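My notebook is open and I have a structure to look through. I'm jotting down what I look up as I go.

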Amino acid sequence: MEGRIPRPLHIELKEVFSLTGFLLVMTLTSAMGWHFSVSESARAGENEAVTDYEAIVLGEKARITGDMGDFIIDIPGNRIFMTDPERKVYTEVDLKAWSKAAEKMKSAMAADTSAEVKVLRTSEKKEILGKDAVKYNVLVNGSLEEEIWVREDLKAEEFLTFEKSVGKIFGKSFIREKIEKELRRLTSGLPVLTRSISKGGEIYTSEIKKAERINIEQKELLPPAGFKKVSPEAFFRMRGE
């Protein structure tokens, strides 16, 4: 398995958070937000593909950089910026277009709306990011399909709220929505490690390697000064995509 890892339903742009009082924050040149280092992997037998990225989040805006590329999600502005540092160009995509495409994909999914989903808190703990995380088991129709490790002392409400906003735009499966609803009923902590096994035996993992509060300047959530704006078609053509 080479290249970009397949994106399972449980790995959805996380990747990311609505700061209380964000309307005030938007008027400032900088404010306290979050920085996350994330590693995701897909393993099938002896083959493994890994994707690493960094995310900074302020209010309803986030910048993701790493193996997936460099892009900025601006929910209040209803746009996504994609940048190419090597060519010093960027493009802008309307979030509504992404949302419509996501709805079509979701409608095409063979969603089992009758599936029984249970999230159970266990007594198992292990150290993640310097402190104990608690393991939650996810059962779908009685079968263990996912385990989620939560740092219950880490209250990153921005992450959870932004993740919810992104889910509305990009879409989520019926089962994923039920899992998140059940998990939020049990804990307000931050999920720092998620592992699931597909029916084909592939193991998908998403882990937050670093979570810290940092000062973020507004310009960090915009394309860099001096970059040329091009159309989405030209942007992807330049990159051979």
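Predicted model: local features only at pLDDT ≥ 70, side-chain atom pairs only at ≥ 80, totals over all residues.

Strands here are DSSP runs of at least two residues and helices (H or I) of at least four, numbered from the N terminus. Two strands pair if DSSP finds at least two bridges between them.

Residues are numbered from 1 along each chain as its sequence is written, and side-chain values use heavy atoms, leaving out hydrogens and water.

Next I checked the turn. The hairpin of E10 and E11 has five residues between the strands, and Gly 201 there takes a positive phi near 95 degrees.

E11 (residues 203-217) also pairs with E1 (residues 30-44), antiparallel over 14 bridges. I found Ser 41 opposite Thr 205 in E11.

Back to Glu 207. Its side chain meets that of Lys 209 in a salt bridge, 3.3 Å from N to O. The term means a side-chain nitrogen of Lys or Arg within 4 Å of a carboxyl oxygen of Asp or Glu. Glu 207 is partly exposed, at 21% relative accessible area. (Buried is under 20%, exposed is over 50%, partly exposed is in between, with a 1.4 Å probe and protein chains only.)

How many salt bridges does the structure hold? I got 16. One of them links Glu 146 to Arg 176, with the closest N and O atoms 2.9 Å apart. Glu 146 is in strand E9 and Arg 176 in helix H4 (residues 174-186), so this pair ties together parts that are 30 residues apart in sequence. Glu 146 counts as buried at 5% relative accessibility, and Arg 176 does too at 8%. I also noted a network of salt bridges with shared partners, joining Glu 124, Lys 135, Glu 147 and Arg 195.

Last stop, aromatics. My search of the whole structure gave three aromatic pairs. In one, the ring centres of Trp 34 and Phe 36 are 5.5 Å apart and the planes are at 20 degrees, so the pair is stacked. (Rings of Phe, Tyr and Trp, its six-membered ring, pair if their centres lie within 6.5 Å; planes under 30 degrees apart are stacked, over 60 edge-to-face, and the rest tilted.) Trp 34 and Phe 36 are both buried.
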